[in-house]
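Here's a walk through a protein model, one residue or element at a time. Keep the viewer open and click along as you read.

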Amino acid sequence: MIKTAVPTDTLISQIIAGIEDVKGNDITIMDLRDLENTVTSYFIICNGNSNTQVNAIVNSIQKKVSKELQEKAWHVEGTDQGEWVLIDYVDVVVHVFQKPIREYYDLEGLWGDAKITVIESTY
């Protein structure tokens, strides 16, 4: 049996739901498709208040995507420190930061030509 690909917007909505389930902050979607030399189509960026919350966000995303879409991340790194965790779903790369680290690396500024969508939190 051949597995069908999950639509990217479905994956993005499940990732955002996973972030919101554990109250991740400042959720941003960056559409990189119109830029040259990118390694992915989308970045989703959010932050937590501590390494514990960062890891909780990562676990929530992975559980939500696995349960709802039967998808696993291609690669995950940074969980040991819990300051900046990257979850690679190939077409979508999720960056979960602690706020000071997010401000320092400023991915939104580095990829300033991308289309940016800010997700308003309900909490």
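Leaving aside its neighbours within four places in sequence, which residues is Gly78 in contact with? Before the answer, a word on the ground rules. This is a predicted model, so local features need pLDDT of at least 70 and side-chain atom pairs count only at pLDDT 80 or more, while totals for chains, interfaces and linings use all residues. Residues are numbered from 1 along each chain as its sequence is written, and side-chain values use heavy atoms, with hydrogens and water left out.

Back to Gly78: apart from neighbours within four places in sequence, its contacts are Glu83, Trp84 and Val85, where contact means heavy atoms within 4.5 Å. You'll find Gly78 in the loop between strand S3 (75-77) and S4. Helices (H or I, at least four residues) and strands (E, at least two) are DSSP runs here, numbered from the N terminus. With a relative accessible area of 22%, Gly78 is partly exposed; buried means under 20% relative accessible area, exposed over 50%, and partly exposed in between (1.4 Å probe, protein chains only). Its C-alpha atom is 9.9 Å from that of His95, 17 residues apart along the chain.

Now for the inside. In soluble globular proteins, nonpolar side chains tend to be buried together. A nonpolar core is counted as a set of buried Ala, Val, Leu, Ile, Met, Phe, Trp, Tyr and Cys residues joined through side-chain atoms within 4.5 Å. The largest one here has 22 residues, and Ile15, Ile44, Ile61, Tyr89, Val92 and Val94 have the most contacts inside it. Two or more residues each come from helix H1 (8-21), strand S1 (25-31), strand S2 (42-48), helix H2 (51-69), strand S4 (84-88) and strand S5 (92-98). H2 gives the most, with six residues.

How do the two helices sit together? H1 and H2 pack at an angle of about 135 degrees, with their axes 8 Å apart; axes are lines fitted to C-alpha atoms, for helices over the stretch in contact, and angles run from 0 to 180 degrees between N-to-C directions. That makes H1 oblique to H2, because angles under 35 degrees count as roughly parallel, over 145 as roughly antiparallel, 65 to 115 as roughly perpendicular and the rest as oblique. Among the residues making the contact are Gln14, Ile15 and Gly18 of H1 and Ile57, Ile61 and Val65 of H2.

Next, look at Asn47 in strand S2. At 2% relative accessibility, Asn47 counts as buried. Its side chain makes a polar contact with the side chain of Arg102 (2.8 Å); that term means a pair of N or O atoms within 3.5 Å, where within protein one must be able to donate a hydrogen and the other to accept it, and residues adjacent in sequence count only if both atoms are side-chain atoms. Beyond its neighbours within four places in sequence, Asn47 is in contact with residues including Asp26, Ile57 and Phe97.

Most residues other than glycine have a negative phi. Asp26, in strand S1, has a positive phi of about 50 degrees although it is not a glycine. Asp106, in the loop between helix H3 (99-105) and helix H4 (107-110), also has a positive phi, near 45 degrees.
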